[in-house]
Amino acid sequence: MRKLIFLLIIFVVASTDVFADGKVSFTASAPDVVVVGDQFRLSYTVTTQKVRDFRAPSIKGFDVLMGPTRSTFSNTQIINGAMSSEKGITFTYILMATTEGDYSISGATITADGDQMVSNSVKIKVLPPDQSAAATSSGAATQGNSSSGRNSSASVSSQDLFVTATATKTTVYEQEAFLLTYKIYTRESQLQFDNVKLPDFKGFHSQEIERPSNAKWSQEHYKGRNYYTTVFRQFVLFPQQSGKLTIEPARFDASVAKAVRSADPFDAFFNGGSNVVEVKKVLTTPAITINVNALPAGKPADFSGGVGEFTISSSINSKDVKTNDAITIKLVISGTGNLKLLSNPEVKFPEDFEVYDPKVDSQVRLTSSGLSGNRVIEYLAIPRHPGNYKIPAVTFSYFDIKSKSYKTLKTEDYEIKVEKGAGNADQVIANFTNKEDLKVLGEDIRYIKLKDVTLQPKGSFFYGSFTYWLFYII
């Protein structure tokens, strides 16, 4: 029995291995950003061990210190009762960055399971060396400082940790969108914010760009020094008035866990010569002044406040209808700008049509240039009498950012033919969707019949009457 179970397990593992490795992948990986003088790994991984003829691409801009070294791997895991297995080979190079710039390493080739495959290419940005690190290594190497040049005292300088606030534009028109970005620069490894107070963006309509919950850190060369950076928050702002508007400073209360070298010989012996202390630091961003120009004179009569780049289209559900049938005209405004702040264009229906409030659906996404997408507006009307009618074209005017001028767009006209339909024109209402949703008032709601009656104030029929006092005495 034990042999049977053992053979069954071997069969399951072998069959799972066959099916799991049915699709072979060949991928390259390397860091996105390195600094001149840094050593890093360039790896090519193929998910099978039946390989031959591995050929690496030409590697320019880097010194090849070692490689390619070949290593095999085999992983087996069971998740929710399902077993999976993966085997493969990794070819690794050790490279060193020599010159700053942006580099691209093309894909490698290999023959895996009899098929020739090409890996993805990788892009690597090489930053210049840190100037403060070079100064520290030449002038203070004997003091035991690290190559990064970080201060070992119980303080954090404004050059080692700060937050920037940058606007993509500082001169805009009313309602013209621009991007405001708060970005963290740090040379400290253990950082957290206890409290953050952002401005209320007075004078602006603001919308925040949604970002991943886990911040992605990367290296960046800024003013001669290399930092770890991440975007903290981003907002798209729409100025609501002309003049000089100020974005007030933001405040960040930071806590940094910092290792401080101790002069106590007992600490040097037992604790390695350093203690970790918590350093509090208040960071503030500078105020930003935005010059907002008023929209130029000569606004078209139908200007609805649109600022950006837009197009408009229209459609109608039917041009041949009967009385009391619903007609739906759909307008679609597409483009980038202040889509959610637009006023609805006017559709001029004939006087014999009963018109209802439009239904608006904004299908937009937030970008650095504003709101991009579609604004769909549905107008519903019901013709009450037969005849031939004309619904004139809809005009839509907006201020074009690129040309800095007003533009007017126009839809098509619609000729409507209405025939006599069933029902009384005075007894129909609409539910704003289509003609199937119309209801006849005569079937469920009756008109109030007026006649000569004597009305009395509420509560005076019983209270104070003869019957009331009789019951009171009894």
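The following legends describe close-up views of a predicted model of one protein chain.

**View 1. Overview of the predicted protein chain and its secondary structure.** The protein chain contains five helices and 33 strands. Of its 474 residues, 37% count as buried. Among the contacts in the protein chain with a separation of 6 or more, 73% are made by residues 24 or more positions apart.

**View 2. An open sheet of three strands, in the order S2-S10-S7.** The pairing within this open sheet is mixed, and its edge strands are S2 (33-35) and S7 (101-105), each of which pairs on one side only. From one strand to the next the twist averages 30°. Strand S2 runs parallel to strand S10 (residues 122-127), to which three bridges join it, and in this pairing Val33 of the chain stands opposite Lys125 in S10.

**View 3. Strand S3 between its antiparallel partners S1 and S6.** Strand S1 (residues 26-29) is joined by four bridges to strand S3 (residues 39-46), and the two run antiparallel; here Thr27 stands opposite Thr45 in S3. Strand S3 is also joined to strand S6 (residues 82-97), again in the antiparallel sense, through eight bridges, with Arg41 standing opposite Ile94 in S6.

View 4. When residues up to four places away in sequence are set aside, Tyr93 touches Phe40, Arg41, Leu42, Tyr44, Phe54, Ala56, Ile59, Val64, Met66, Gly67 and Pro68. One of these contacts, Ala56, is 37 residues from Tyr93 in sequence, and the two C-alpha atoms are 9.8 Å apart in space.

**View 5. Strand S27 and the strands that pair with it.** Strand S27 (residues 370-383) is mostly covered, with 12 of its 14 residues buried. Strand S24 (residues 327-337) pairs with S27 in the antiparallel sense over 11 bridges, and the bridge partner of Ile327 in S27 is Ala381. Strand S25 (residues 353-355) likewise pairs with S27 in the antiparallel sense, over three bridges, and Val355 stands opposite Ala381 in S27.

**View 6. The hairpin formed by strands S26 and S27.** Two residues lie between S26 and S27 in this hairpin. Nine bridges join strand S26 (residues 359-367) to S27, and the two strands run antiparallel. Within this pairing, Lys359 stands opposite Glu378 in S27.

**View 7. The largest cavity and the residues that line it.** A search of the whole structure finds one cavity of 30 Å³ or more, and about 40 Å³ of space lies in the largest cavity. Its lining is made up of Ser314, Ile329, Leu331, Val347, Ile391, Pro392, Ala393, Val394, Thr411, Glu412 and Tyr414. By residue class, the lining of the largest cavity divides into eight nonpolar, two polar and one charged.

How values were computed: Residues are numbered from 1 along each chain as its sequence is written. This is a predicted model: local features need pLDDT of at least 70, side-chain atom pairs count only at pLDDT 80 or more; totals for chains, interfaces and linings use all residues. Side-chain values use heavy atoms; hydrogens and water are left out. Two strands pair if DSSP finds at least two bridges between them. Axes are lines fitted to C-alpha atoms, for helices over the stretch in contact, and angles run from 0 to 180 degrees between N-to-C directions. On a 1 Å grid over the protein atoms alone, a cavity is a set of points where a 1.4 Å probe fits but cannot get out, and a pocket is an open set with protein on both sides within 12 Å along at least five of seven lines; lining residues have an atom within 4 Å of a point. Grid points are joined across faces, edges and corners, and a volume is the space filled by probe spheres set on the points. Ala, Val, Leu, Ile, Met, Phe, Trp, Tyr, Cys and Pro count as nonpolar, Asp, Glu, Lys and Arg as charged, and the others, Gly among them, as polar. Buried means under 20% relative accessible area, exposed over 50%, partly exposed in between (1.4 Å probe, protein chains only). Contact means heavy atoms within 4.5 Å.
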